[in-house]
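Please look through the structure below.

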Amino acid sequence: MTSVTPYNIAIPNEQLQQLRQKLEHTTFPDELDAAGWDMGVPLLEIKRLVNVWREKFDWRAQEQKLNRQLKQVNVRVGVEGFGELNIHTVYHRSGNSKAIPLLFIHGWPGSFLEATKLIPLLTKSSGDGPVFNVVAPSLPNFGFSQGVKKRGFGLAQYAETLHKVMIALGYEEYVIQGGDWGSMIARTMSQYYPQHTQAIHLNFIPVMPPYPWRSPYQFIKSLLYVPFSAKDRGYIARTFEYFTRGNAYMKQQETRPQTLGYGLHDSPAGLLAWIYDKMHTWSDKYPWTDEEILTWVSVYYFSTAGPVASTRIYYEASAPKRGGSSYVSGDSAQEDLLEQLNYMSLEQILAARAPQSVRFAVAQFREEIIMWPVAWYRSIGNVVQETEYDHGGHFAAWEVPELLASDIKSFLGNNGPAYGVIADRDGY
């Protein structure tokens, strides 16, 4: 069963009071002299932000602003083996009957907020490209969507949830834009729902390097690009720096999210440091305002399932299947098949090639955390548009929304490589 009902953000006063009390009793560690950012968020910066959060930041004003600015609905969908879930969704229609339905999928530590700068750029007709109906859900376990208490909610279940949100809103065919986990979920959807996911635009494209034992053909093709250009060598060096010095958060969240969760749940300052560290480090010198930082972190603090729930996507996507489905038929062969169909690990998604019918566009921004030679991205499927930008970071939708919107429009607009993929919706 599905249902679509209006939604407004309304955090109880008790939670606001509790937050203020915790901020008032925050204690801080020391730090080394001249520590800088290389050891994490500097102490003075966290002290300053905690003070602003406690004394000046007005969540109610932000809440009212979001409710005025965003059209929101609650979409109730059923997920196989997990029952029904309430999915908070930002949903903006352009008013054009031929608008292209676009599913925007956020990741961690992002949220539906990332879509807010894109929405006016994509839904308003400007005469220079297609227009879109934008659907930007909060992922299950994130933001104001319902959390999942049962083990086994992996990439297949995120994909199923978002596909059913689109179906509930009346879209049998749609396109997807994704960064961070949104990229992984979009690629999962291309495996499970290729008849529905007509085109996918990605601004974060992790792939398996073309190892000769994994992909001999791709490895031979990659030899044509060796020696790499200085730019490609820079991409690879940046990626290896991330894997050796920048992904400790990921290892913690994919192996011991619950242990980490006690600190994130109980300490607003700890949650602030954990998220702001990535907002600062992964962006391209973006001038974050205090209001932006604290609104982003507050969405996690006030999230329906609590901030620890959002970290479990790392655990579930990377861990072996542990019998998350409750389906019991008495037929062990059928159950084994269902287990295979209901689970693809992150490694499998990274190694899989999407059906040829799904067209991809890849956009690589200068300060992305994982970057490879663009030619390697062709292993994900039918890549028909490749763009490299000399600025912008991991949060492209927030940092450089005009660039991202332009790239999406060139992909799907008139004369674009994915023009007309949605029947009777050319965007004009």
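Two strands pair if DSSP finds at least two bridges between them. Helices (H or I, at least four residues) and strands (E, at least two) are DSSP runs, numbered from the N terminus. The model is predicted, so local features need pLDDT of at least 70 and side-chain atom pairs count only at pLDDT 80 or more, while totals for chains, interfaces and linings use all residues. Residues are numbered from 1 along each chain as its sequence is written, and side-chain values use heavy atoms, leaving out hydrogens and water.

Strand β4 (residues 100-105) pairs with strand β5 (residues 132-137) in the parallel sense over four bridges; there, Asn-133 of β5 is the bridge partner of Pro-101. Strand β6 (residues 174-178) also runs parallel to β4 and is joined to β4 by four bridges, with Gly-178 of β6 opposite Ile-105.

Six of the six residues of β4 are buried (under 20% relative accessible area, with exposed over 50% and partly exposed in between; 1.4 Å probe, protein chains only), so β4 is largely enclosed by the rest of the structure. In a regular strand the side chains alternate between the two faces of the sheet. In β4, Ile-100, Leu-102 and Phe-104 point one way, and Pro-101, Leu-103 and Ile-105 the other.

Helix α13 (residues 307-318) is mostly covered, with nine of its 12 residues buried. Among them are Pro-307, Val-308, Ile-313 and Tyr-314.
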